[in-house]
Amino acid sequence: MAEGQCHQRPVRDQLGEGLLWSPREECVYWVDILQPALHRLSLADDSVTSWPMPEKIGWVVERRDRPGFIAGMQSGFCELTLDPVACLHRVRPERSTRGTG
């Protein structure tokens, strides 16, 4: 791709959020909350890779000491690995009962 051109994807995000720069991979990650999916744009070759998620995902942060992410999922926080996608739940917050009954 020539300098100054934008990368075009054939599919648009429904609700793209949570931009994350990965210095380790020199990639940009973001989530599509409603689709739900995690996407990666490689700056080395301008390729986009996407992984469908098992439930809504709001954000990811890169793990410092090993590959993978900590992710905020609809059901709680999990350790997320890719290829293959695996989500090991660590925290499942209780639903608030404030204001009911």
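The legends below describe close-up views of a predicted model.

Local features are given at pLDDT of at least 70 and side-chain atom pairs at pLDDT 80 or more, while totals for chains, interfaces and linings use all residues. Residues are numbered from 1 along each chain as its sequence is written, and side-chain values use heavy atoms, with hydrogens and water left out.

**View 1. An open sheet is built from four strands in the order E5-E6-E7-E8.** The pairing is antiparallel. Strand E5 (57-62) and strand E8 (86-91) are the edge strands, each pairing on one side only. From one strand to the next, the twist averages 30 degrees. For such angles, axes are lines fitted to C-alpha atoms, for helices over the stretch in contact, and the angles run from 0 to 180 degrees between N-to-C directions. Strands (E, at least two residues) and helices (H or I, at least four residues) are DSSP runs, numbered from the N terminus. Two strands pair if DSSP finds at least two bridges between them. In general, strands of a sheet pair through backbone hydrogen bonds, either parallel or antiparallel.

**View 2. Strand E6 (residues 69-73) pairs with strand E7 (residues 76-81).** Five bridges link E6 and E7 in the antiparallel sense. Methionine 73 has glycine 76, in E7, as its bridge partner.

**View 3. Cysteine 78 and cysteine 87 form a disulfide.** Their sulfur atoms are 2.2 Å apart. A disulfide is counted where a pair of cysteine sulfur atoms lies within 2.5 Å, and by this rule the count comes to one. The link of cysteine 78 and cysteine 87 is left-handed, with -110 degrees about the S-S bond. Cysteine 78 counts as buried because its relative accessibility is 0%. Cysteine 87 is partly exposed because its relative accessible area is 25%. Buried means under 20% relative accessible area, exposed over 50%, and partly exposed in between (1.4 Å probe, protein chains only). Cysteine 27 also counts as buried, at 5% relative accessibility.

View 4. Leaving aside neighbours within four places in sequence, glutamate 62 is in contact (heavy atoms within 4.5 Å) with residues including Leu20, Pro23, Glu25 and Phe69. Proline 23 is 39 residues from glutamate 62 in sequence, and their C-alpha atoms are 9.8 Å apart in space.

**View 5. Arginine 63 is in the loop between E5 and E6.** Arginine 63 counts as buried because its relative accessibility is 14%. Its side chain makes a polar contact of 2.9 Å with the side chain of glutamate 79. Leaving aside neighbours within four places in sequence, arginine 63 is in contact with Arg24, Gly68, Phe69, Ile70 and Glu79.

**View 6. Histidine 39 lies in strand E3 (residues 37-42).** Histidine 39 counts as buried because its relative accessibility is 6%. The side chains of histidine 39 and aspartate 13 are joined by a polar contact of 3.3 Å. The side chain of histidine 39 also makes a polar contact with the side chain of serine 50, at 2.5 Å.

Conventions
A polar contact is a pair of N or O atoms within 3.5 Å; within protein, one must be able to donate a hydrogen and the other to accept it, and residues adjacent in sequence count only if both atoms are side-chain atoms.
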